[in-house]
Amino acid sequence: MSIGSSSAAADAGTRTARPFEYGRTHVIRPKGRHLATVVWLHGLGDTGSSWSQLLETLPLPNIKWICPTAPTRPVSVFGGFPCTAWFDVHDLQQEGPEDIEGLDASATHVANLLSTEPADIKLGVGGFSMGAATALYSATCFAHGKYGNGDAYPLNLSAAVGLSGWLPCSKSLKNKIEGSEEAARKASTLPLLLCHGKGDDVLPHKHGEKSAEVLKSTGFQNTTFKSYSGLGHYTVPEEIDDVCKWLTTSLGLDGSSS
């Protein structure tokens, strides 16, 4: 399974304002009673297809999975070479420029995919690498009640998962959450799971660790961070098992196999 990797150091690139076209979306229907829907976002250069094949095998019969494919766009870290990407990335350092426009566009795409789900269904978002970054950005938009551009965030999220990823826009998060009682309440109750391999040479473990620390310190008290010795920039059954257990608990799926 090709589960696209992320990035290393950066070349500056120009950002285009034209709208990007999203690729094919793969949907996995629940095998049991439909209780939750999760949008799962692939990594840089990948498609929704490879993750859909893995998610279909999981022992989570009450979850409907939606696996979209990112637009093909120039990516600055690859010197402007086009590939599937949820947003543009220059580098992964804290001081690197953030593509708020691209992040907002992808977070909006995720919200649109979830917007037609029945009212009684719990909604979640997750992803790998750049997909994890987009999922965590969506979670912070939910808590803040707004996208980065100020538009209202329309959904009520129940959980977010990030594998081998990082938290975009971490510097501005504290002010956004602490500046609103409602945002602080949402942040404190939203379950977040971050997982990262200690052997990740594409996106070092310290990025995931720091992201979890920032989330906890800005009020996301229900944040769980799991490390995996020897794990590189990919996933393994142990990690996926942990995700399954965590989703079952966080989305209240215990004992709901039919």
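Helices H2 and H3 are roughly perpendicular to each other, because an angle of 65 to 115 degrees counts as that. This is a predicted model, where local features need pLDDT of at least 70, side-chain atom pairs count only at pLDDT 80 or more, and totals for chains, interfaces and linings use all residues. Residues are numbered from 1 along each chain as its sequence is written, and side-chain values use heavy atoms, with hydrogens and water left out.

**The helix pair**
- The axes of H2 (residues 100-114) and H3 (residues 130-144) cross at roughly 80° and come within 9 Å; axes are lines fitted to C-alpha atoms, for helices over the stretch in contact, with angles running from 0 to 180 degrees between N-to-C directions.
- Helices (H or I, at least four residues) and strands (E, at least two) are DSSP runs, numbered from the N terminus.
- On the H2 side, Ile100, Leu103, Asp104, Ser106, Ala107 and Val110 meet Thr134, Tyr137 and Ser138 of H3, where contact means heavy atoms within 4.5 Å.

**The sheet**
- Seven strands make an open sheet, ordered E1-E3-E2-E6-E7-E8-E9, with mixed pairing; two strands pair if DSSP finds at least two bridges between them.
- At the edges sit E1 (26-28) and E9 (223-228), each pairing on one side only.
- From one strand to the next, the twist averages 15°.
- E1 pairs with E3 (residues 63-67) in the antiparallel sense over three bridges, and isoleucine 28 has tryptophan 65 in E3 as its bridge partner.

**A helix across the sheet**
- Helix H7 (residues 237-250) lies across E3, E7 (159-163), E8 (192-197) and E9, and runs at about 170° to E7.

Methods: Parallel < 35°, antiparallel > 145°, perpendicular 65-115°, else oblique.
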